[in-house]
Amino acid sequence: MDKILKDGVLIDNEWTDVTGYEALSSLPSGDIVVPLDQWLEHRADLVKRNSRLGVRLRNDEDPARLADDLGRIALVVLEFPSFGDGRALSQANLLRRRLGFEGEIRATGDVQRDQMNDMRRCGVDAFAVRPDRDALAAAEAFDDFTYSYQPTADGRLPISRIRRGDA
Amino acid sequence: MYQYDRFDHQMVRERVAQFRGQVARRLNGELTEDEFKPLRLRNGVYLQLHAYMLRVAIPYGLLASRQLRKLAHIARRYDKGYGHFSTRQNIQYNWPRLDEVPDILAELAEVEMHTIQTSGNCIRNTTADHLAGVAVDEIEDPRPYCELVRQWSTFHPEFNWLPRKFKIAISGGAQDRAALAYHDIGLRLVKNDAGEIGFEVMVGGGLGRTPMIAKTIREFLPKQHLLSYLEAILRVYNMLGRRDNIFKARIKILVHEHGIEKIRELVEADWEATRDGALALRDEDIAGFKAFFAPPPYETLPANDSGLAQQLESDPAFARWHGNAVIAHRVPGYAAVDISLKTGVQAPGDVTDDQMDAIADLADRYSFGQIRVNHRQNLLFADVRQSDLHALWQALVDLDLATPNNGKLTDIISCPGMDFCSLATARSIPVALDLQRRFEDLDHLYDLGDLTLNISGCINACAHHHAGNIGILGVNKKGEELYQLLLGGSSRNDASIGAITGPGFAPDAIVGAVEDVLAVYLERREGPEETFLEVYRRLGDQPFKERLYG
């Protein structure tokens with residue numbers, strides 16, 4: 001089973017991504033992740049399941065399309081097709097800071113040490129680190145910087161606020 | 001000038017440690033070159049034709065003398081004894097060793113300097129008008145806002161992996177001296193009808209293979225919204241900018257393909273959601289940054305120094321330099337001084353370690369210990385007493401830094417070209433030096449009036465050849481270097497993109513082609529006051545083409 005880095009430890013991935021399943025009746029039991037289009041089409045039925053629900057966003061899809069549903073979703077899966085493609089960073093930031101999503105935001109794809117701190121600061125809190133990399137070693141990147149110039153989704157007070165004496 | 005506090009110091013120190021670790025992981029094979037490349041680029045490290053190149057940021061072009069001495073030391077200790085000032089207020093070293101770069105970064109951090117985001121698909125060094133704070137036509141000093149943008153853009157996690165590089169410039173004068181129209185975002189300090197000062201925001205300018213002039217997205221942005229508005233533009237760009245084709249990835253293409261109206265709608269909608277949020281600047285925040293750029297302790301002096309008048313009378317060589325290199329200052333008795341790095345001996349923008357040390361000493365003696373770097377690859381002393389000008393000039397003459405060609409044809413902007421750059425398709429520096437030799441005669445040079453000439457060694461346009469009144473573009477046709485000629489560009493308030501005259505010229509013919517163009521200008525101008533650009537705009541390109549190809 002693939003591993004997810006969350007809160008500093010590696011945990012088993014308990015979610016099944018059902019992208020590609022055609023009929024709702026054939027979906028497996030347990031917690032599932034569905035693509036955004038499928039979610040929007042079938043959400044009335046999906047919420048009747050006795051499982052947690054997650055939605056996968058392609059990195060060109062607007063997270064605001066989930067605005068009314070975030071209370072019913074426990075997980076949003078974001079895609080980083082290559083380490084140089086930062087679109088999902090904006091999606092994570094919008095989910096956390098504008099839409100107020102409090103569930104898990106999971107980074108998938110080309111997830112590596114030198115990009116993970118940016119992801120975390122934008123609100124990603126679970127990482128499907130590339131399997132050929134040491135996920136726990138990668139987590140050391142979270143300690144690279146003590147402070148932040150920007151107000152971001154990881155909850156740290158920005159330097160401008162500390163200078164004001166707010167800390 | 002801005003002084004780091006403990007937070008800024010810790011940021012750059014931790015950046016050095018991070019990069020040291022990344023270099024170690026590259027050298028032990030943990031990182032592939034493909035993976036390492038974007039990381040080294042974010043620290044200003046390029047791989048060039050013969051060696052690595054290191055680009056150091058000089059935020060908004062402002063240097064303290066101790067910083068310039070550090071740059072001299074780095075040139076001496078880690079490089080071949082010189083540095084190259086670029087068009088975007090950076091300095092580049094052409095011969096550093098990769099394993100020594102972390103040590104160089106640590107040395108820079110000691111003097112509050114860094115290479116952060118001087119390359120890569122992220123927000124680059126914010127540039128400014130080099131006359132900030134002293135220009136006669138200034139509406140407000142842009143530097144406090146530049147520093148705010150520098151800090152906001154440093155390690156911005158959402159915008160560290162953009163479709164392409166992103167450049168911001170801020171200008172505070174009635175005249176644009178920062179080439180705003182050719183930046184991804186250009187910010188012009190303006191006063192509205194109510195007398196309030198804010199920003200005109202321009203977006204989507206750029207050069208490269210598809211030159212475009214920025215369009216105004218907002219006529220007036222109140223200052224407190226500067227950062228939230230920038231963030232809205234960057235967010236729209238990050239999400240919608242093209243990533244399928246590197247040549248169509250800049251925001252200028254997004255603006256071009258969607259139209260400025262559509263982009264404005266998207267940006268303003270995003271901004272509405274954040275404008276009064278955590279990024280809103282309070283008056284006291286702005287005042288705090290302004291305090292760093294308070295005027296130096298000027299003396300009360302007469303507007304016109306009597307000794308200077310005598311020196312101008314008695315020393316024609318000084319008078320000629322004075323007429324060219326000395327720029328009016330808003331404070332009586334003071335002047336700004338252009339220090340030309342277009343000596344005709346060194347490549348345009350190059351300066352040696354010893355020259356840097358000597359310039360630092362002169363800055364301490366004559367200009368409150370500060371030096372500016374401008375986008376024309378020259379240096380500037382911003383605050384010189386008129387009574388010191390003659391002594392300063394003599395010192396500059398001794399250093400070969402008193403070439404009085406500011407704003408003239410031989411004040412050439414040039415990229416490093418194929419002598420250094422792995423992207424270049426032709427050499428730039430030899431053409432620049434040939435032109436400087438050909439137009440050495442100062443009487444002839446001055447007769448040609450104010451004129452900008454820019455030479456790029458490939459279509460990436462690092463020397464902004466489209467923006468020169470005369471532009472030269474080196475290309476490679478079937479293994480032969482050829483130089484195309486462009487006429488009519490400008491990077492000022494009247495920004496325009498130069499047009500190619502026709503087929504390119506061989507290396508031994510390009511200087512002659514420039515001479516032909518200037519012969520037409522001299523024949524057709526209505527008087528010495530009519531500049532080359534004005535004549536070109538009046539006549540169009542036909543008479544020039546006829547002379548070149550007829």
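In this predicted model, the second largest cavity is lined by residues of chain B, namely B:A57, B:P59, B:H114, B:I116, B:Q117, B:I123, B:R124, B:N125, B:T126, B:R150, B:S153 and B:T154. There's about 90 Å³ of space inside that cavity. Sorted by class, its lining comes out as six polar, four nonpolar and two charged residues. In total, eight cavities of 30 Å³ or more turn up.

The largest cavity holds about 230 Å³ of space. Its lining runs to 20 residues, and those closest to the centre are A:D114, A:D118, B:R15, B:Q18 and B:N160. As for secondary structure, two elements give two or more residues each to this lining: α3 (113-121) of chain A and α1 (6-27) of chain B. Of these, α3(A) makes the largest contribution, with seven residues. Chain B also shows up at the domain level, with domain 1 (6-110) and domain 2 (134-290) each putting at least three residues into the lining.

Next comes the contact between the two chains. On the chain B side 45 residues take part, and on the chain A side 35 residues do. Together the chains bury about 3400 Å², with carbon and sulfur atoms accounting for 53% of that area. Within chain B, the residues that give up the most area to chain A are B:F7, B:P157 and B:W161, and this trio makes up 21% of what the chain B side buries.

Chain B itself is split by the domain assignment into domain 1 (6-110), domain 2 (134-290), domain 3 (306-398) and domain 4 (413-549). In residues 119-272 of chain B, the end C-alpha atoms sit 31 Å apart, and the span is 31% helix and 18% strand. For residues 409-546 of chain B, the end C-alpha atoms are 22 Å apart, with 32% helix and 17% strand in the span.

Domain 3 and domain 4 of chain B also touch each other. Their centres, taken over C-alpha atoms, are 27 Å apart. Eleven residues of domain 3 of chain B are in contact with 13 residues of domain 4 of chain B. About 1000 Å² gets buried between these two domains, 55% of it from carbon and sulfur atoms. On the domain 3 side, B:R320, B:P348 and B:R376 lose the most area to domain 4 of chain B, and between them they supply 47% of what that side buries.

One of those residues, B:R376, comes up again in the second largest pocket, where B:R376, B:G407, B:D450, B:T452 and B:R492 lie nearest the centre. This pocket has about 930 Å³ of space and is lined by 40 residues. At least two lining residues each come from α11 (316-325), β11 (326-328) and α17 (532-539) of chain B. The largest share belongs to α17(B), which brings three residues. By class, the pocket lining has 18 polar, twelve nonpolar and ten charged residues.

Conventions:
Residues numbered from 1 in each chain as written. Chains lettered and ligands numbered in written order. Predicted model: local features only at pLDDT ≥ 70, side-chain atom pairs only at ≥ 80, totals over all residues. Heavy atoms only, no water. 1 Å grid on protein atoms, 1.4 Å probe; cavity = no way out; pocket = protein on both sides within 12 Å on 5 of 7 lines; lining within 4 Å. Points joined across faces, edges and corners; volume = space filled by probe spheres on them. Helix = DSSP H or I, 4+ residues; strand = E, 2+ residues; numbered from the N terminus. Domains from an automatic or database assignment. Nonpolar A, V, L, I, M, F, W, Y, C, P; charged D, E, K, R; others polar. Contact = heavy atoms within 4.5 Å. Buried area = accessible area lost by both parts, 1.4 Å probe.
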